[in-house]
Structures are given as structure tokens and as C-alpha cells.
Amino acid sequence: MRVLEKKFSGYFHTYYRQLCLHALHFTSNAEEAEDVVQETFASLWDKREQIESIRSVKSYLYTAVRNNCLTRIRDAKPTTSLDMVTSYEELPEEDQIRRAEMEARIWKMIDELPERRREIFLMAKRDGINYKEIAEQTGLSVKTVENHVFRAMQSLRNKDFNAYLFFFA
């Protein structure tokens with residue numbers, strides 16, 4: 001039994017973040033994406049005796065997450081927007097996996113930024129807050145905010161230029 005637990009733990013640690021980003025394309029809500037991924041892993045745990053018979057656990061997980069997201073969307077209120085889901089869903093599964101892996105690399109690099117720089121970078125790039133508003137919220141000058149964002153972008157570009165181009169070019 002210990003071997004199965006170790007394997008399962010390995011799958012969780014290897015794929016959790018990538019699967020959350022994959023689910024986020026469908027749900028557009030981080031908490032809901034995490035819920036879907038956790039439910040998918042819970043389902044896999046219930047089938048843990050069958051893990052050995054699954055040809056590609058990675059493909060299984062990506063497909064299960066996608067299907068679970070689509071089921072949630074189908075069962076949600078009719079006001080749920082399907083525009084983003086349709087375009088992402090139309091990508092071949094291999095491209096969806098590649099995109100999620102690339103996003104996971106980007107988020108790992110962002111997580112490695114110094115705390116203040118990461119906070120300011122995310123305010124600017126993820127939240128779309130302009131530099132002046134960030135300066136007001138953080139008590140920094142606009143020039144310092146610009147400097148933090150520039151250095152964050154420079155760091156990301158230096159660590160993985162292809163990942164940088166994927167999102168920021």
C-alpha cells in the first residue's frame with residue numbers, strides 16, 4: 001500500500017499546479033479550478049488500485065479535469081460564459097497540456113521573485129492595476145513601481161525566454 005501512496009503523492013506534486021492552470025482556462029475562477037483538480041485527485045485516489053492499469057496518468061488527469069470542468073459549466077447557471085471555454089477546448093489535448101506546463105513554469109518563476117517585486121508585478125500584470133494606483137496602494141513612487149515590474153520581467157525573460165515570449169511578447 002505504501003508504494004501506491006508514494007506514487008499518488010508523486011502525481012499530486014507533479015501535476016497539481018499544472019492541472020489547476022488547465023482548469024482555470026475552463027472555469028475562469030481559481031477557487032473553482034482548484035476544487036475541480038482536488039475532486040479529480042480524490043476520484044483518482046478512489047481508483048488507486050487501478051492506477052497501474054492507466055496507460056498515461058498524465059493524460060488521464062488532464063482529460064478528467066477537462067471533463068469535470070465542462071460538467072460543472074454545463075450544470076451551472078445559464079449565464080456562464082462559454083466563449084473562453086470553447087476556444088481553449090478547441091485546442092488539441094497535446095497543446096492544452098503544453099500550455100498548462102508552460103503556465104506552470106511561468107508561475108514557478110513568478111513565485112521565485114522577491115516578495116515585494118512579485119506583489120507589484122502581479123498587481124500590474126495579473127490584476128491590471130496601473131502604476132500610479134499601485135504606487136498609491138503601496139506607498140512607493142511610480143518610478144519604483146516601474147522599476148519592480150521591469151526587473152521582474154527581466155528576471156522572467158532571463159530564466160526562460162520561451163516562457164516569457166509565450167505570455168508577454
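Predicted model: local features only at pLDDT ≥ 70, side-chain atom pairs only at ≥ 80, totals over all residues.
**α7 against α8**

Next I listed who touches whom. From α7 I found Y131, K132, I134, A135 and T138. They meet V142, V145, E146 and V149 of α8. I sorted this contact by class: 6 nonpolar, 1 polar and 2 charged residues.

**α2 against α3**

I then turned to helix α2 (residues 30–46) and helix α3 (residues 57–75). Their axes come within 9 Å. The crossing angle is roughly 125°, so I logged the pair as oblique. The crossing of α2 past α3 is right-handed.

On the α2 side I recorded E32, D35, V36, V37, E39, T40, F41 and L44. On the α3 side I recorded V57, Y60, L61, A64, V65, N68, C69 and R72. By class, I have 10 nonpolar, 2 polar and 4 charged residues in this contact.

**α5 on its own**

I checked the length of helix α5, residues 93–111. It has 19 residues and reaches 27 Å from first C-alpha to last. That is close to the 27 Å expected at 1.5 Å a residue.

Which residues of α5 are buried? I found Q96, I97, A100, M102, E103, A104, I106, M109 and I110. I marked E103, a charged residue, as one of the buried residues of α5.

Technical notes: Residues numbered from 1 in each chain as written. Heavy atoms only, no water. Contact = heavy atoms within 4.5 Å. Helix = DSSP H or I, 4+ residues; strand = E, 2+ residues; numbered from the N terminus. Expected span 1.5 Å × (residues − 1). Buried < 20%, exposed > 50% of the residue type's maximum accessible area, 1.4 Å probe, protein only. Axes fitted to C-alpha atoms, helices over the stretch in contact; angles between N-to-C directions. Parallel < 35°, antiparallel > 145°, perpendicular 65-115°, else oblique. Left-handed = near helix turned anticlockwise from the far one by under 90°.
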